[in-house]
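Let's take a walk through a protein model together.

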Amino acid sequence: MFPGAIADRDDADYVVVGAPLDISTTFQPGTRFGPDRIRRFAETFDDYDNRTGSHFSDLGVADHGDVRAWDDAAEYLDYLEGVCTDVVWDDAVPLVLGGEHTVTLANVRATDPDTFVCLDAHLDLRAEYDGNELSHATVTRHVLDVADEAVILGARTGNEAEWNRAAEADVSVVAPDAVADWEPDFGDRDVYLSVDIDGADPGFAPGTGTMEPFGLAPREMRDVVRAVGGTGDVVGFDVVEVNDRDAGQAASLGGKLLREFVFADAA
């Protein structure tokens, strides 16, 4: 159980759903351990948040546990979408713990946002990667079949076709050195917020599949999560791409960012 996620499932305002999918990782595997690792390294955090004056355990968070993954990504995403849809139908916000970034697509389909906001080192706009049309490297392209627009914060790599796709009107890319000055402006649009932990510089979060230097500092990621969460427009959230290849830095950051989102959204 995620620490402090003690609400009864039927009465919850937020539901943590673990999604340990780990089949398309292209460098360092291990995202199957991400959900439990995030939970474990969140155990040291105090329940009380001085900034908002609230206790995490008072904010109506429940933990569904993990949705066991198998080796058919399309079938798994369909099943995970159903789990997240049940959360939405219960008037709660699904908080997915990955798992590779592909799992984001299931929660996006369940929540049907207008705008997709993502902290990510990569554009993830490929049509396919190594012949696979449903992988972590294609997730944002698939998300745009659901959402009207994508805002990718901290992206610093992609192939030529991806950058060409990113130049189209429905995608905005905010470079790492501009993220600190970015402010959300969504109007009355529903928003989905995804945190790919590799958006952080690998010096801060080396426990991820495809590290990319020159990334974001944890405080910059925290400020984005607080700002987006504080709009009150977010219908779904996730933290993904945490693996077991470090001493807990990535998992600790992921768990802290999930808490920051809940504190901001509930305030």
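Two strands count as a pair if DSSP finds at least two bridges between them. Keep in mind that this is a predicted model.

Strand β9 (residues 191-196) and strand β10 (residues 234-240) run parallel and are joined by 6 bridges. Look for Val191, which stands opposite Val234 in β10.

Now zoom out to the whole sheet. It is an open sheet of 8 strands with parallel pairing, in the order β4-β1-β5-β10-β9-β6-β7-β8. Because β4 (61-66) and β8 (171-174) stand at the edges with a single partner strand each, one side of each has no neighbour in the sheet. From one strand to the next, the twist averages 15°. In general, strands of a sheet pair through backbone hydrogen bonds, either parallel or antiparallel.

| Helix | Strands in contact | Angle between directions |
|---|---|---|
| α6 (residues 218-229) | β6 (115-119), β7 (149-153), β9 and β10 | about 165° with β9 |

Finally, find Thr104, which belongs to helix α3 (residues 104-111). Is Thr104 buried or exposed? Its relative accessible area is 0%, so Thr104 is buried. Which residues is Thr104 in contact with, leaving aside its neighbours within four places in sequence? They are Phe116, Val139, Tyr192, Ser194, Asp238 and Val240.

Conventions: Residues numbered from 1 in each chain as written. Predicted model: local features only at pLDDT ≥ 70, side-chain atom pairs only at ≥ 80, totals over all residues. Heavy atoms only, no water. Helix = DSSP H or I, 4+ residues; strand = E, 2+ residues; numbered from the N terminus. Axes fitted to C-alpha atoms, helices over the stretch in contact; angles between N-to-C directions. Contact = heavy atoms within 4.5 Å. Buried < 20%, exposed > 50% of the residue type's maximum accessible area, 1.4 Å probe, protein only.
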